[in-house]
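Have a look at the structure below, then try each exercise before reading its solution.

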Amino acid sequence: MVKHNINIAFEEYQTFEELNESDKALCLEAEKALGGSHSPYSNFRVGAALRLKSGRIVYGSNQENAAYPSGLCAERVALFTWSANFANDPVEAMAVTANTSKFKIEKPITPCGSCLQVLAEFEKKQLMPIRTLLYCKNGVTWATNGADSFLPFMFFEDRLATVPV
């Protein structure tokens, strides 16, 4: 038997003011994205903003539906919008934030497994990691340089690309 350890690295910023100007601006764009949230069932709004290499900002917000599996997370809305419209303009960074009137959010929210898998695949597609900022307006901000900090055992099956259609 061989025992392995996996270590992840992330940055923690105690205050918004500790962030560099580019990261601050992107976190504020994620706050703007909250306005597009359709969350009548949970009242838990999530906003995501992508900064592309060109400087363009792409927004996403969570979209709920009465048929619960039909909804979609803010991160995937933003990433799918990017892929469908701006795939030749690489994503440099993504900021994600949340807001609710039901309770105080005191730490960053993290992407779900499905969003992390999509993030990982798009990083692979564009051949570069995406800096990810998890911004909590009333608390700390966490930053990583790529999905592997969240999902060290990402699902990639290269043989799928060689299967004849």
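Predicted model: local features only at pLDDT ≥ 70, side-chain atom pairs only at ≥ 80, totals over all residues.

**Exercise 1. Lysine 24 and its partners**

Find the salt bridges of lysine 24 with glutamate 17 and glutamate 21, then work out whether each of these residues is buried or exposed.

*Solution.* 
- Step 1: Start with glutamate 17. Its side chain meets that of lysine 24 in a salt bridge, at 3.1 Å from N to O.
- Step 2: Move on to glutamate 21. Here the closest N and O atoms of the salt bridge with lysine 24 are 3.2 Å apart.
- Step 3: Check where this second pair sits. Lysine 24 and glutamate 21 are both in helix α1 (residues 21-33), three residues apart, or about one turn of the helix.
- Step 4: Now for the accessibility. Lysine 24 has a relative accessible area of 11%, so it counts as buried, because buried means under 20%.
- Step 5: Exposed means over 50%. Glutamate 17, at 57%, is therefore exposed, and so is glutamate 21, at 59%.

**Exercise 2. Another pair in the helix**

How far apart along helix α1 are glutamate 29 and lysine 32, and is each one buried or exposed?

*Solution.* 
- Step 1: Count along the helix. The two residues are three apart in helix α1, so about one helical turn separates them.
- Step 2: Look at the side chains. Those of glutamate 29 and lysine 32 meet in a salt bridge (3.3 Å, N to O).
- Step 3: Compare with the cut-offs. Glutamate 29 has 16% relative accessibility, so it is buried, whereas lysine 32 has 56% and is exposed.
- Step 4: Zoom out. The whole structure has seven salt bridges, and Glu11, Asp23 and Arg131 are linked in a network of them.

**Exercise 3. The largest pocket**

Which strand gives the most to the lining of the largest pocket?

*Solution.* 
- Step 1: Locate the pocket. Its volume is about 160 Å³, and of its 15 lining residues, Ala98, Asn99, Ile105, Lys137 and Asn138 are the closest to the centre.
- Step 2: Pick the strand. It's β4 (residues 91-100), which gives four residues to the lining.
- Step 3: Sort the lining by class. You get seven nonpolar, four polar and four charged residues.

**Exercise 4. A nonpolar patch**

Which residues make the nonpolar surface patch of about 460 Å²?

*Solution.* 
- Step 1: Name the members. They're Ile6, Ile8, Phe10 and Phe153.
- Step 2: Isoleucine 6 is in the segment before β1 (11-13).
- Step 3: Check its accessibility. Isoleucine 6 has a relative accessible area of 46%, so it is partly exposed.

Notes. Residues numbered from 1 in each chain as written. Heavy atoms only, no water. Patch = residues over 30% accessible without salt bridge, like charges linked within 9 Å, V, L, I, M, F, W, Y side chains within 5 Å. Areas by Shrake-Rupley, 256 points an atom, 1.4 Å probe, with all protein chains shown as cover. Salt bridge = Lys/Arg side-chain N within 4 Å of Asp/Glu carboxyl O. Buried < 20%, exposed > 50% of the residue type's maximum accessible area, 1.4 Å probe, protein only. 1 Å grid on protein atoms, 1.4 Å probe; cavity = no way out; pocket = protein on both sides within 12 Å on 5 of 7 lines; lining within 4 Å. Points joined across faces, edges and corners; volume = space filled by probe spheres on them. Nonpolar A, V, L, I, M, F, W, Y, C, P; charged D, E, K, R; others polar.
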